[in-house]
Structure formats: structure tokens, C-alpha cells
Amino acid sequence: MPSSPRHRQRPALPVLLAVLLASLLVCGALAPCAAWAQTGATADARRPTEVAQVLFGIISYVRWPVARQEVRVCMLGAPRYGAAIVDTPASNLGQRIRVKIPAAASTASECDVVYMGSLPEGEREHLLAQIIGKPILSVAEPGTSCPVGTMFCLRLAEAQIGFDVNLDAIARSGLRVHPNALQIARRKGPTP
């Protein structure tokens, strides 16, 4: 006689315990992964602020041939971390900092610092041709290409944001960069 829905057998107790135990083990194994993903998300949320701090730190190590009471930072291209840069500045070691987003790269000569976000290669080359050899600090955003002629190229590491320095581009610009900035560039991040 076929069993009716009312008379189905229940799974044996050992099978239920095994399923429950397996579920607990899977949840326990996934907890560290979830914590790691949450930590990664927190680090991603802090990145814009960290990028802004590094950018303004670099600016604090730079001296222009003619002292600036206000340093004009122009963000060009499509910067990924631009919001924190716009929100952060006020002053930096006695220098006022003003951030602006010009409509075109052709206004780069009106800037003391050019922060380059994502730009098509042709536009980036045109921009650098305008500023190379002039006292305009050029900084490439992390995750973008770092073309020849850019003075500082920011790079992301898991634990920190670092940067590479182009000494030739700095020398041709007439800017003076404190040696401490160069020492910071040489530091390696903590080993994972």
C-alpha cells in the first residue's frame, strides 16, 4: 500500500544531526570570509580619504619658485577619488589650498597642481605637453596609467597608498621637493 502524505517517514535522527552539523560548519567557515569582505569594503570606503591625505602630504613637501599663498589644485579627467579631494582642503602647513575642476585640460596652465584621473591617452599626452618644464606639480591617480612626464604616480597597496617619483620631471619643472618625500616613496609597504 503506497504511503499517504500523512504517513511519510521522518528522516532518522542521525541524518538530521549530520545535516545540522554540516550547516554549522559551513556557516563557521563562511564567517571569516564575510568578515574579510566587510574589512575590504571598509578599506575601499577609506581609500578616497587616504588618497586625499597622500596628495595633500605631497603638496606640503613641494616649494614653488615663487611662493604661493594659495595652491590651486586642478582635477582633470575622471578622478575616481575626487570627492574626498574636493571635500578635504582648507590649508596645508600655512598654504591655503583651493581645488577646482576645470572644464578643459587647456586651462592647466592656471593650476599649481594637476591631479589626473582617467583620461584618454591623447588628452593625457596633450596635457603633459602643456605642463612639462613648468612649475606645475603633476600627480596621477591610483589605477590610472603613469605616463612619462608625470612627477608623482599614486599606487594602491593592500595596507597603504604609496607613490612613485619621476626625478627627471621634477628637475625640469623648477619645483623643489623636500628629500623626505623621496624617502617616503622608497619605503616598502608591510609584507602581507
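Which residues have the most contacts inside the largest nonpolar core?

Mentor: This is a predicted model. Inside the largest nonpolar core, the residues with the most contacts are Ile59, Ile85, Tyr115, Leu137 and Phe152. That core has 31 residues. Helix α1, residues 13–60, gives the largest share, with 7 residues. A second core is separate and has 11 residues, among them Ala108, Val114, Leu127 and Leu128.

Now take Phe152. Leaving aside residues up to four places away in sequence, Phe152 touches Ile58, Leu137, Ser138, Val139, Ala140, Phe163, Asp164, Val165, Ile170 and Val177.

Pro79 sits in the loop between β2 (70–76) and α2 (82–87). Its partners, again not counting residues up to four places away in sequence, are Tyr115, Gly117, Ser118 and Glu141. Pro79 and Tyr115 are 36 residues apart along the chain, with their C-alpha atoms separated by 8.2 Å. Pro79 has a relative accessible area of 24%, so it counts as partly exposed; buried would require under 20%.

Then the setting. The chain has 5 helices and 9 strands, in the order α-β-β-α-β-β-β-α-β-β-β-α-β-α from the N terminus. Of its 192 residues, 34% are buried. Among contacts with a separation of 6 or more, 62% join residues 24 or more positions apart. The chain exposes about 11900 Å², and carbon and sulfur atoms supply 59% of that area.

Notes. Residues are numbered from 1 along each chain as its sequence is written. This is a predicted model: local features need pLDDT of at least 70, side-chain atom pairs count only at pLDDT 80 or more; totals for chains, interfaces and linings use all residues. Side-chain values use heavy atoms; hydrogens and water are left out. Helices (H or I, at least four residues) and strands (E, at least two) are DSSP runs, numbered from the N terminus. Buried means under 20% relative accessible area, exposed over 50%, partly exposed in between (1.4 Å probe, protein chains only). Contact means heavy atoms within 4.5 Å. Accessible areas come from the Shrake-Rupley method with a 1.4 Å probe; for residues, only the protein chains shown count as cover. A nonpolar core is a set of buried Ala, Val, Leu, Ile, Met, Phe, Trp, Tyr and Cys residues joined through side-chain atoms within 4.5 Å.
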